[in-house]
Amino acid sequence: MTTTELTAVPAGPAPAGPASAPARVRRAVVKHKRAILFFLLPFGVLFALFYLLPIGYAIYQSLLVVERDGTFGPPVEVFGGLTQYVQVFQNETFWASVGRVLLFGVVQVPVMLGVALVLALLLDSPLVKGKKFFRLAFFVPYAVPGVIAAIMWGYLYSPNLSPFTALTSNVDFLSPQFVLWSIANVVTWVYVGYNMLIIYSSLLSIPAEIYEAAKLDGASQLQIALRIKIPLVVPAIVLTAIFSIIGTLQLIAEPQVFRSFTASVSSSFTPNMAVYATSAVPNVNLAAAMSVVLALATFVMSFAFLKFTQRKANA
Amino acid sequence: MSAVTSTPAAEATAASGAAAPASTPSSPRRGRAPRERVMSRTAAMIVMLVSTVYFLLPVWWLFTSATKSREDFGSSNGLVFADFDLVTNLGNLFTYNDGIYLRWMLNSVLYAGAGALVGTLISAMCGYALAKYVFPGREVVFNVVLGGVLVPATALALPLFLIFSQVGATNTFWSVFLPSLVNPFGVYLARIYATASVPDELLEAARLDGASEVRTFFTVARKLMTPALVTIFLFQFVAIWNNFFLPLIMLRDESLFPVTLGLYTWNSQVNQIPEIRTYVIVGAFVSIIPLIIAFLSLQRFWQSGLGNGSLK
């Protein structure tokens, strides 16, 4: 991963540069071995136990199938190769849920990040007064957990309990054709402020001298924003985009809550809900295979996005 | 930028007075500039105010609703107060079902508070070691951790359940607490921040003074890394506080629930037990107060630490 080298850059003028250090040390004995172990071990052990081991165990479980001797015989787990994965790929409910979150992501992530970028640019421009207030006001929803946000909006969408019944009694936000976008609004509401702050703090780190030259050339605020600010905050936007992609594929709390407000949300509306529903059947082996496919897909998509944007930036 | 000067549409909204004279040599633009500036100011403020209404109105609705009796909640306008019954509602909430709600809040504080504290410490130690020591396999370790950032904890909920059920430890405090400690993004942030803010000379000086490596970390480095540590703590706190899937899949015993899962189960019982709706609303309102207080009181730390994640 190239980020490793890149991240070292802002460290600045480290004397006896780190570039020369590895070669020297690799030949010699590693200094401070015990301290290094002391620092690494706690995280390392927990990471191995609660990240790597579960993934390995889920892969193992996903390779098993349950067999019975006749209809009423005791169930026995035997090695089934990729049987579960064939099941996953033939499982239309699962793929419908994947398609749903992909559609959700293609629309919601750009909208949310676009709004976050516009608000961050406005906050950073001289046009707006009361910046401190707006910054905090936009960030408040981030302190509301997804479950709570979904409960709140569930009532706000409700045809008879909403304060906006004039609207909600005419448009059914919880109907099958709207509910996905009603959930998208809940997610957007929670995360716009958070993403805005990440972009905004990246804007703040741009040195002011850069703008002076543009201003002398008579550039407007809009031109400064489009040609200087946005290109410089691309890394921040990439970061927020990756987290948003990951979050979208993992969606569960909001749609799960909406099940108590509407019948439009099925028990396997999103991939994680499908995993939960399948494990509750219980068909643990199939659910494990779904989990593996989902984790892998998330990893591949965010990694591909990272590489794609890095190549574009270098080109 | 040479094309810029010739564009008549340049709104000359340049704010600082110092730059203005140099940038407006032609007279027609000078006459138009103030009005356009007023217009773009107004447009910008309208966008900000509309956004404020969008972000805060639902929270305001939750507050007014938390002060209403069950009858008023169904009949009165959602955005204005009816009879102010907040104290009665709170009393009912805290005593319902033997005070299970307070138990849930306490659980959430324990899962998130203790979890984020320990999680931040181990992330900081790991990130610091990756930034400040050279040892074989350092990049491998870092890349595995980065890979962990891209595999979200939610995808691991079922695999974790399978592991814990192997050792018969599902439906325990530890089955939710221990996995929450692992925060690969915290290691990533800590490494970047330690690289940028802890100078090697200072560590050398501490060594010459005879301080041990571990001691140096807890005294010198910890102080320099404080903004990053607060940021890691707060965001891990929020992540654990908001966590839903892991407790949903792990826990059966109501008394172990975090408040999010508790409110979720109440909310799904509203149709069978109508009076529970008030508890859901009031409980939701009370549950977001600690986080808002935490963010407001620590903002000067996390706002400076937040930008560092995107340093490249």
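Two residues are in contact if their C-beta atoms, placed from the backbone, lie within 7 Å, and the legends below use the word in that sense. The model is predicted, with local features needing pLDDT of at least 70 and side-chain atom pairs counting only at pLDDT 80 or more, while totals for chains, interfaces and linings use all residues. Residues are numbered from 1 along each chain as its sequence is written, and chains are lettered from A and ligands numbered from 1 in the order in which they are written.

**View 1. Chain B as a whole.** Among contacts in chain B between residues at least 6 apart in sequence, 72% join residues at least 24 apart. Chain B has 16 helices and zero strands, where helices (H or I, at least four residues) and strands (E, at least two) are DSSP runs numbered from the N terminus. Of the 312 residues in chain B, 45% are buried; a residue is buried if 20 or more other C-beta atoms lie within 10 Å of its own, exposed if 12 or fewer, and partly exposed in between.

**View 2. The contact between chain B and chain A.** This contact takes 93 residues from chain B and 99 residues from chain A. On the side of chain B that touches chain A, the largest share, 14 residues, comes from helix α3 (residues 27-66) of chain B. By class, that side of chain B has 63 nonpolar, 24 polar and six charged residues, where Ala, Val, Leu, Ile, Met, Phe, Trp, Tyr, Cys and Pro count as nonpolar, Asp, Glu, Lys and Arg as charged, and the others, Gly among them, as polar.

**View 3. Helices α6 and α9 of chain B.** The axes of helix α6 (residues 138-150) of chain B and helix α9 (residues 184-197) of chain B come within 8 Å and cross at roughly 130°; axes are lines fitted to C-alpha atoms, for helices over the stretch in contact, and angles run from 0 to 180 degrees between N-to-C directions. The two helices, α6(B) and α9(B), are therefore oblique to each other, since angles under 35 degrees count as roughly parallel, over 145 as roughly antiparallel, 65 to 115 as roughly perpendicular and the rest as oblique. Phe142(B), Val145(B), Leu146(B), Gly148(B) and Val149(B) in α6(B) meet Pro184(B), Phe185(B), Val187(B), Tyr188(B) and Arg191(B) in α9(B). This contact of α6(B) with α9(B) has eight nonpolar, one polar and one charged residues.

**View 4. The two domains of chain A.** Chain A is assigned domain 1 (23-83) and domain 2 (87-314), with bounds that come from an automatic or database domain assignment. Taken over C-alpha atoms, the centres of these domains of chain A are separated by 31 Å. Their contact takes nine residues from domain 1 of chain A and eight residues from domain 2 of chain A. On the side of domain 1 of chain A that touches domain 2 of chain A, α3(A) provides the largest share, five residues, and the residues of that side divide into six nonpolar, three polar and no charged.

**View 5. The surroundings of Ile183 in chain A.** Ile183(A) lies in helix α9 (residues 179-204) of chain A, and Ile183(A) is buried, with 25 other C-beta atoms within 10 Å. Leaving aside its neighbours within four places in sequence, Ile183(A) is in contact with Glu254(A), Pro255(A) and Phe258(A).
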